[in-house]
Amino acid sequence: MSDAPRPYTLIAELTYRCPLRCVYCSNPVDYARYSEELATDTWLRVFREAEALGVVQLNLTGGEPLVRDDLEQLVAGARELDLYTNLITSAVPLRRERLSELRRLGLDNVQISIQDVRAAESDRIAGVRAFDRKLEVAGWVKGLGLPLTLNEVLHRDNLDRIADVIALAERLGADRLELANTQYLGWALPNRAALLPTREQLDRGRAIAAEARDRLRGRMEVLFVVPDYYRDTPPACMDGWGRRFILVSPDGLALPCHAAHTLPGIAFDNVAQRALGEIWRESEGFSVFRGEGWMPEPCRSCDRRTVDFGGCRCQAFQLTGRADATDPVCWLSPDHGLIEQARGAAATPGERVFRYRTAIDTEKRPY
Amino acid sequence: MISATTRPQLAAKARLRFDRQSSRYMLLYPEKGLELSPTAADIVKLCTGEHTVAAIVTQLAEKYDTAAPDVEREVLAFLGALADRGLVRDAV
């Protein structure tokens, strides 16, 4: 018998293609390298294998999942397996008829992202005009009787307006509002200086969200996620490596999180070549940071090791160059100074320039 | 507020699913799920919007051969917790 834990959620990144170019996109910075996409039948098999492992929640995401013209088949297949299916979308390419059909086929929830509560600012962060469209689609979602999650990724340019976002979510009749601060991985890391808020901004935002959570209890769920950079100890990233989540990338890599394939020297298996159950239970990729055996000090002897599982492996690698280092977010990490430096920079005014998501590696251009 | 006259109905975002691994029902909603005890599952199955809480209590008191006031206390507490999460609402 295997002692692998039970996964509950499959995050299916159906594609990295997206009409938006958000400056904090969680897709890998070199996403254009992974241009192959899995076929419909392979996804349907992955859903079956995931359900057999214990998965009950399916997030259809990307990129923009609506650019897949087989989305209807995938939603129908998920419903046959009785999975709770959540479509995570920019809303831009959606037509009302298509949404209605997806609902008929068994879609359970729609999550729409906005980038700011002001149209011009939202469009500036997304790099395209999209805001008005998003609100229109949010109206369709509720009009068709589907539950709506509204999501806004927070950063220093929009964190002072979350009261307006809460009011907008109420007006739209959202069932859940996610006010999720940017985490500094993917495209957000090169944009960190432009995005990281000050501690004062964060404290004010958190207080407003807490008031709304109490006031709206039972009507709208309000979630406020702080950036790891302002925590003293890291959260349990993905509830621990290979414990609750499986993510499958557009080209078929089975991963413990959105960015694991950016870690060097770890072999991740592709679902096109190997059964998901075997990958979950036995593969190097899912085993390498599972449990406590890999942990360095100070994690190894720390009481929180079963709470935070050592924090985020990708953050540790991005900041220290070592994937098996203690997450520098932790105040006990020998690298915690890197986090304090970033906080210090956020408190200092200065020029802040965005680098938009693009398939071309702009840093290698000679000009 | 949930009271004896409420006709509780599952919210659009909530879906009941039988879980083969645990042999229990799970109440699923966005990003989350609650594993239900057999009695909790019995209550949720009756949250169709047709029955009042009072009717649900009568039915379960009979099924479990338990005094109605005890059942009512438990049903109200459980449905109150679900209502706080936005998972049940009054059908009227």
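In which loop of chain A does Pro298(A) lie? Pro298(A) sits between α10 (284–287) and α11 (305–308) of chain A, where helices (H or I, at least four residues) and strands (E, at least two) are DSSP runs, numbered from the N terminus. The bond that joins Glu297(A) to Pro298(A) is a cis peptide bond, with omega about 5°.

The model is predicted, so a few ground rules apply: local features need pLDDT of at least 70, side-chain atom pairs count only at pLDDT 80 or more, and totals for chains, interfaces and linings use all residues. Residues are numbered from 1 along each chain as its sequence is written, while chains are lettered from A and ligands numbered from 1 in the order in which they are written. As for pLDDT, the predictor's confidence in each residue from 0 to 100, chain A has a mean of 93, and 97% of its residues reach 70 or more. Residues 362–367 of chain A are another matter: pLDDT there is below 50, and beyond near neighbours in sequence the stretch has one contact in the model (a contact means C-beta atoms, placed from the backbone, within 7 Å). Where pLDDT is low, the predicted coordinates should not be read in detail.

Now for the sheet. Nine strands of chain A make an open sheet with mixed pairing, in the order β7-β6-β5-β4-β3-β2-β1-β8-β9; two strands pair if DSSP finds at least two bridges between them. At the edges are β7 (221–225) and β9 (254–255) of chain A, each pairing on one side only. Inside the order, β5 (residues 148–154) and β6 (residues 176–181) of chain A run parallel over six bridges, and Asn151(A) has Glu178(A) as its bridge partner in β6(A).

What about the core? The largest nonpolar core holds 127 residues, and Leu148(A) and Leu150(A) have the most contacts inside it. Such a core is a set of buried Ala, Val, Leu, Ile, Met, Phe, Trp, Tyr and Cys residues joined through C-beta atoms within 7 Å; buried means 20 or more other C-beta atoms within 10 Å of the residue's own, exposed means 12 or fewer, and partly exposed is in between, with C-beta atoms placed from the backbone. Setting aside neighbours within four places in sequence, Leu150(A) touches Ile112(A), Ile114(A), Ala138(A), Ala169(A), Leu172(A), Ala174(A) and Leu177(A).

Helix α2(A) buries Leu71(A), Leu74(A), Val75(A), Gly77(A) and Ala78(A). These residues are on the same side of α2(A) because they cover an arc of only 160° around the axis, the arc being that of the directions from the helix axis to the C-beta atoms. Their cover includes α1 (40–53), β2, β3 (84–89) and α3 (96–104) of chain A. After α2(A) comes Asp82(A), with a positive phi near 65°. In the loop between β2 (57–61) and α2 (71–80) of chain A is Gly63(A), and the peptide bond from Gly62(A) to Gly63(A) is cis, with omega near 10°.

Glu31(B), in the loop between β3 (24–29) and β4 (32–35) of chain B, has a positive phi near 70° and is partly exposed, with 17 other C-beta atoms within 10 Å. Asp65(B), between α2 (53–64) and α3 (68–84) of chain B, has a positive phi of about 50° and counts as exposed because it has 6 C-beta neighbours inside 10 Å.

Conventions:
Two residues are in contact if their C-beta atoms, placed from the backbone, lie within 7 Å.
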